Amino acid sequence: MDALPRKYLTQEEYLAIERAAQWKSEYYQGEMFAMAGTSRNHARIAFNAVASLGSQLIGKGCEGYVSDMRVHVEGSGLYTYPDIAIVCGNPEFQDGAFDTLLNPVVIVEILSPSTESYDRGKKFQMYRQLPSLREYILIAQDRPFVDQFIRDDEDRWFVLMTQGLESVLTLQSCGVSIPMSALYENVEFANPSEQEG
């Protein structure tokens, strides 16, 4: 038996479905993809990052959004929900619903075994099409380790690695810092020796 052909969804159809849905789905090239749940460590790291960043962004002309804020990458057609998105200056939204951000300056993704290769590869390729994006942060769950991709004024990307609980992660584009010990507060590593990176 032949498989039924998939129905191609326009971006407008996706947004109408997504805005009425009780769960989140990403959209790419006419298809919707349901998002998986997160692990305990993922949730702890996200909470810690938001707690550390939130108070530091006050008065800097920047604001942060958690994973319920959809981001649209117009160049690729991707709609996705990063773990954290930060905007400096005026946020731009796709339409009057104010639920689809267009101009993040920083995007943070917390890696999981099922998404790591996508987050590092294809998704990062698409994110780079956002003219506003200055930093892309990938946070490991299994050890205190962060890859920080930084775009310079000539549109080149450089990577900084921050590892170990004694280190400090500094987001250059918005002037805030998070001690790695705070980022990984209450996170349990499978191998305790990994705590030192």
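C62 counts as buried (under 20% relative accessible area, with exposed over 50% and partly exposed in between, for a 1.4 Å probe and protein chains only), since its relative accessibility is 13%. The structure is a predicted model, in which local features need pLDDT of at least 70 and side-chain atom pairs count only at pLDDT 80 or more, whereas totals for chains, interfaces and linings use all residues. Residues are numbered from 1 along each chain as its sequence is written, and side-chain values use heavy atoms, with hydrogens and water left out.

One disulfide (cysteine sulfur atoms within 2.5 Å) is present in the structure, and it joins C62 to C88, whose sulfur atoms lie 2.0 Å apart. Because C62 belongs to strand β3 (residues 62–66) and C88 to strand β6 (residues 84–88), the pair ties together parts that are 26 residues apart in sequence; strands here are DSSP runs of E with at least two residues, and helices are runs of H or I with at least four, numbered from the N terminus. The torsion about the S-S bond of C62 and C88 is about 100 degrees, so the disulfide is right-handed. C88 is partly exposed, at a relative accessible area of 24%. C174, by contrast, is buried at 6%, and its sulfur lies 5.1 Å from the closest cysteine sulfur, that of C88, which is too far for a bond.
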